[in-house]
Amino acid sequence: LPILIEQILKKRQLLFVPNVDELPDIYTPERVAMQEQGIKTVLVLPVVKNERLFGYFGFDAVKQTREVPAYQIELLQVVANMIGDVLLKNALDKANE
């Protein structure tokens with residue numbers, strides 16, 4: 001998913017697509033790949049701390065499209081940030097051994 005993943009990896013931004021079928025034509029390869037997997041809705045949250053990307057969490061809805069309220073996305077991002085804190089602490093501890 002080159003263009004959409006770039007949003008996460010380079011810009012460190014979350015990605016929320018409430019309805020994969022409605023992605024603009026510029027995202028045709030991504031839309032087709034997700035449709036082939038039966039994905040209706042996708043939410044991807046980066047795990048970042050001090051500008052370091054550790055990875056991301058992805059949530060897919062496959063039975064039907066799903067609206068995710070902003071407060072739920074914010075809570076999930078808080079969890080991702082907390083995990084980023086732990087991963088950074090572990091990396092610093094290993095570097096100091």
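I began with Val79, which I found in helix H3, the run of residues 70–95. I am working from a predicted model, so I keep that in mind throughout. Is Val79 buried or exposed, or something in between? Val79 turns out to be partly exposed, with a relative accessible area of 42%. A helix rule is handy to jot down here: with 3.6 residues a turn in an α-helix, residues three or four places apart point the same way.

Next I went to helix H2, residues 28–36. Which residues are buried there? I noted Glu30, Arg31 and Met34. They lie on the same side of H2, because the arc they cover around the axis is only 100 degrees. Pro29 and Glu36 are exposed, and I found them on the other side of H2. Just after H2 I also logged Gly38, which takes a positive phi of about 80 degrees.

Last, I looked at the strands. S2 (residues 41–49) and S3 (residues 52–61) pair in the antiparallel sense, over nine bridges. I picked out Val47 and asked which residue in S3 is its bridge partner; the partner is Gly55. The hairpin of S2 and S3 has two residues between the strands, and in this hairpin Asn50 takes a positive phi near 50 degrees. One reminder to myself for strands: in a regular one, the side chains alternate between the two faces of the sheet.

Notes: Residues numbered from 1 in each chain as written. Predicted model: local features only at pLDDT ≥ 70, side-chain atom pairs only at ≥ 80, totals over all residues. Heavy atoms only, no water. Pairing = 2+ DSSP bridges. Helix = DSSP H or I, 4+ residues; strand = E, 2+ residues; numbered from the N terminus. Buried < 20%, exposed > 50% of the residue type's maximum accessible area, 1.4 Å probe, protein only. Arc of directions from axis to C-beta.
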